Amino acid sequence: MISEILDMKKRKEKIVMITCYDFPMAKVFSKSAVDILLVGDSLGMVKLGYKDTLSVTMSDMIRHTKAVKNGNIGNILLVSDMPYMSYENNPDEALENAKKLIEAGADAVKVEGGKEIIESVKAIINSKIPVVGHLGLTPQSVNKFGGYKVQCRDEESVKKLTEDSLILQDAGIFSIVLECIPEKVAKDVTEKLNIPTIGIGAGKYCDGQVLVSDDMLGMFTDFTPKFVKKYANLAQSAADAVKQYSAEVKSGEFPQEGNTYK
Ligand code: KIV
């Protein structure tokens, strides 16, 4: 499965990743022509109502990874995010937590950061657990960045991102998410790397794209980043359906004969 993702870059075939958090959506998405399902820690914001991803725990990630695994009827490559403070400072702890996500059903784990987390990345990869990297706007560092801002606006940060991507590739990661960086920077990094880049707000030259499913389905409406394209408006459809149900209960139109046992 991972070799297939690597081959897609060689064939110049775009890779489609989408976030997925629960059983019913995994059943739908895994039969909808995607290449990778990501149990993103964005679940903290779009499913649990937290203000950022920092409060997401290993228990949250394990529960949602199990649910997605159960619904992954298309047997799509399943990647789970390692939550904040589960891997950064201690390679042994990083490996233990990565193992828990694999036991829950993930095929690979994703971590945010470059050089500063490389010992943890190596510990996980040395135990044969595949790893996806994540650079650019890494939401677990939102407080350091002072908000969700486009990254790599100056030469120094472009140099750091490029170096980090090469360090991660050398450590053996099989793919890297690039979030919220200028298209030109993503293009240059994509050309430098042998492993595929998967962009979110990083333009069209990445080897693949990822979107948060609740954003692109119009289910999460608190805010919509510029890079999101809404392919549906599920929040509105759900509200319309529930309002109609309510009106029909109040008017006596529901339930009807066909919904009733005799
Ligand atoms: O948690 C997440 O949804 C992610 C994507 C933004 C790539 O990491």
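The conversation below covers the ligand site, a surface patch and the salt bridges.

Modeller: First, this is a predicted model, in which local features need pLDDT of at least 70, side-chain atom pairs count only at pLDDT 80 or more, and totals for chains, interfaces and linings use all residues. Residues are numbered from 1 along each chain as its sequence is written, and side-chain values use heavy atoms, with hydrogens and water left out.

Biologist: How many residues surround the ligand, and which are the closest?
Modeller: There are 13 residues around the ligand, the closest being Gly-40, Asp-41, Ser-42, Asp-81 and Lys-110. A residue counts as near if one of its heavy atoms lies within 4 Å of the molecule.

Biologist: What is the division of that shell into nonpolar, polar and charged?
Modeller: The shell has 5 nonpolar, 4 polar and 4 charged residues. Ala, Val, Leu, Ile, Met, Phe, Trp, Tyr, Cys and Pro count as nonpolar, Asp, Glu, Lys and Arg as charged, and the others, Gly among them, as polar.

Biologist: Where does a polar side-chain atom of Ser-42 lie relative to the ligand?
Modeller: It lies 2.5 Å from a ligand oxygen atom. For Lys-110, a polar side-chain atom is 2.8 Å from an oxygen atom of the ligand. The protein covers 97% of the 260 Å² of accessible area that the ligand has on its own, by the Shrake-Rupley method with a 1.4 Å probe.

Biologist: Changing topic, which residues form the nonpolar patch on the surface?
Modeller: Val-242, Tyr-245, Val-249 and Phe-254 form it, with about 370 Å² of accessible area together. Patch members have over 30% relative accessible area and no salt bridge, and nonpolar side chains are joined within 5 Å. Val-242 is exposed at 51% relative accessible area; buried means under 20%, exposed over 50%, and partly exposed in between (1.4 Å probe, protein chains only).

Biologist: And how many salt bridges are there?
Modeller: The count comes to 15, each being a side-chain nitrogen of Lys or Arg within 4 Å of a carboxyl oxygen of Asp or Glu.

Biologist: Which side chain meets Lys-9 in a salt bridge?
Modeller: That of Asp-207 does, at 2.8 Å from N to O. The pair links distant parts of the chain, 198 residues apart: Lys-9 is in helix 1, and Asp-207 in the loop between strand 7 (197-200) and strand 8 (208-211). Helices (H or I, at least four residues) and strands (E, at least two) are DSSP runs, numbered from the N terminus.

Biologist: Is Lys-9 buried or exposed?
Modeller: Lys-9 is buried, at 14% relative accessible area, and Asp-207 is buried at 12%.

Technical notes
Polar contact = N/O pair within 3.5 Å; in protein donor to acceptor, adjacent residues only side chain to side chain. Patch = residues over 30% accessible without salt bridge, like charges linked within 9 Å, V, L, I, M, F, W, Y side chains within 5 Å.
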